[in-house]
Structure formats: C-alpha cells, structure tokens
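Please read it alongside the sequence and the structure.

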Amino acid sequence: MAKVEWSTGIDSVSGALSKPSKSGQHSCTKMLLATHRIAETTSSDCNRVYLRKKVKRSTPVSTKEMRIRVRFASVAAAVAARKDSLEYASSDQAAFLAQKDAADGKKTMKSYLWSVCGAAYDAEHPQG
C-alpha cells in the first residue's frame with residue numbers, strides 16, 4: 001500500500017486523481033483513486049491510494065437507460081438556461097424563498113431549479 005503525505009492546507013482528497021483516456025492516446029491505463037480521512041483512531045494511516053483497471057461495459061445500453069440519460073441532459077440544459085434567464089429571475093427567487101423552509105422544500109436554488117425543470121420535462125414527456 002502506498003504512503004501519501006499531503007501538503008499543508010489539504011484537508012481531504014477523494015476521487016479519481018487520474019483516469020485512463022478514452023481514445024488511448026495517453027499511457028495511463030489504470031485509474032488512480034485516493035482517499036484521505038481525518039478520524040479519531042489510534043492508527044495514523046488515514047490515506048489510501050488504489051489502482052483500478054479500465055472496465056469495459058459487458059451489456060448494451062438499455063432503452064430505459066437511454067431515456068434517463070436524455071432526461072438528465074434535457075433537464076440540465078433547461079436548468080442552465082433558466083438560471084441565466086432574466087425572465088424568470090425574480091419569480092424563481094420569490095418561489096424559492098417561499099418553499100425553502102417547508103418540510104419538503106428544496107434548500108438550494110439549484111435543487112429548486114432541478115425540481116421545477118424536471119417536473120416540466122416530465123409533464124411534456126409522459127412515460128407510458
């Protein structure tokens with residue numbers, strides 16, 4: 001197992017430090033993952049580094065998965081457009097503030113816009 005010493009100011013590291021390229025142009029063939037945790041334990045070894053081989057998908061993409069991907073991309077584009085739109089700015093801000101303290105309210109503006117745009121997408125594209 002590798003031993004990692006973090007520089008001053010780095011409180012945590014989690015996730016992929018390097019990923020294998022999709023086009024195969026680079027020499028990196030494995031994914032390098034690192035984690036760092038601060039916990040009250042007797043062990044001072046709180047760093048972990050893992051290598052993961054590139055995994056090739058064994059099943060084709062299903063129609064349900066394609067619908068989910070299309071919905072995600074469409075809602076993400078709608079959220080990005082609505083976030084920057086002056087047409088909806090004041091009404092969205094007022095609606096967000098009105099619902100955010102409710103029990104089932106969205107706590108961030110981004111999550112609120114995702115729920116609004118997601119509901120609009122689902123209304124336009126009923127799954128049958």
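## Salt bridges, core and surface

The count of salt bridges comes to 4. The model is predicted. The points below start with the charged pairs and then turn to the aromatic pairs, the core and the surface.

**Charged pairs**

- Side chains of opposite charge can pair when their charged atoms come close.
- Arginine 69 and glutamate 65 form a salt bridge, with 3.0 Å from N to O. Both residues belong to helix α1 and sit 4 residues apart, about one turn of the helix.
- Arginine 69 is partly exposed because its relative accessible area is 42%. Glutamate 65, at 22% relative accessibility, also counts as partly exposed.
- Aspartate 122 and arginine 71 meet in a salt bridge at 2.9 Å, N to O. Aspartate 122 is in helix α3 and arginine 71 in helix α1, so this pair ties together parts that are 51 residues apart in sequence.
- Aspartate 122 has a relative accessible area of 38% and is therefore partly exposed. Arginine 71 is partly exposed as well, with a relative accessible area of 30%.
- A salt bridge of 2.7 Å, N to O, joins the side chains of arginine 82 and aspartate 92. With arginine 82 in helix α1 and aspartate 92 in helix α2, 10 residues apart, the pair links distant parts of the chain.
- Arginine 82 counts as partly exposed at 21% relative accessibility, whereas aspartate 92 is buried, with a relative accessible area of 4%.

**Aromatic pairs**

- The whole structure holds 2 aromatic pairs.
- In the pair of phenylalanine 72 and tryptophan 114, the ring centres are 5.3 Å apart and the planes are at 35°, so the pair is tilted. Phenylalanine 72 comes from helix α1 and tryptophan 114 from helix α3, so the pair ties together parts that are 42 residues apart in sequence.
- Phenylalanine 72 is exposed, with a relative accessible area of 52%, while tryptophan 114 is partly exposed at 26% relative accessibility.
- Phenylalanine 96 and tyrosine 112 have ring centres 6.0 Å apart and planes at 55°, so this pair is tilted. Phenylalanine 96 lies in helix α2 (residues 86-99) and tyrosine 112 in helix α3, so parts that are 16 residues apart in sequence are tied together.
- Are phenylalanine 96 and tyrosine 112 buried or exposed? Both are buried.

- In soluble globular proteins, nonpolar side chains tend to be buried together.
- The largest nonpolar core has 7 residues: Val75, Val79, Phe96, Tyr112, Leu113, Cys117 and Tyr121. Helices α1 and α3 (109-124) each supply at least two residues of this core.
- Which helix gives the largest share of this core? Helix α3 does, with 4 residues.
- Leaving out residues up to four places away in sequence, phenylalanine 96 touches Lys106, Lys107, Thr108, Met109 and Tyr112.

**Surface patch**

- Val61, Met66 and Val70 form a nonpolar patch on the surface, and together they have about 230 Å² of accessible area.
- Methionine 66 is part of helix α1 (residues 63-83). At a relative accessible area of 40%, methionine 66 is partly exposed.

Note on methods:
Residues are numbered from 1 along each chain as its sequence is written. This is a predicted model: local features need pLDDT of at least 70, side-chain atom pairs count only at pLDDT 80 or more; totals for chains, interfaces and linings use all residues. Side-chain values use heavy atoms; hydrogens and water are left out. Patches are made of residues with over 30% relative accessible area and no salt bridge: like charges are joined within 9 Å, nonpolar side chains (Val, Leu, Ile, Met, Phe, Trp, Tyr) within 5 Å. Accessible areas come from the Shrake-Rupley method with a 1.4 Å probe; for residues, only the protein chains shown count as cover. Buried means under 20% relative accessible area, exposed over 50%, partly exposed in between (1.4 Å probe, protein chains only). A nonpolar core is a set of buried Ala, Val, Leu, Ile, Met, Phe, Trp, Tyr and Cys residues joined through side-chain atoms within 4.5 Å. Contact means heavy atoms within 4.5 Å. Rings of Phe, Tyr and Trp (its six-membered ring) pair if their centres lie within 6.5 Å; planes under 30 degrees apart count as stacked, over 60 as edge-to-face and the rest as tilted.
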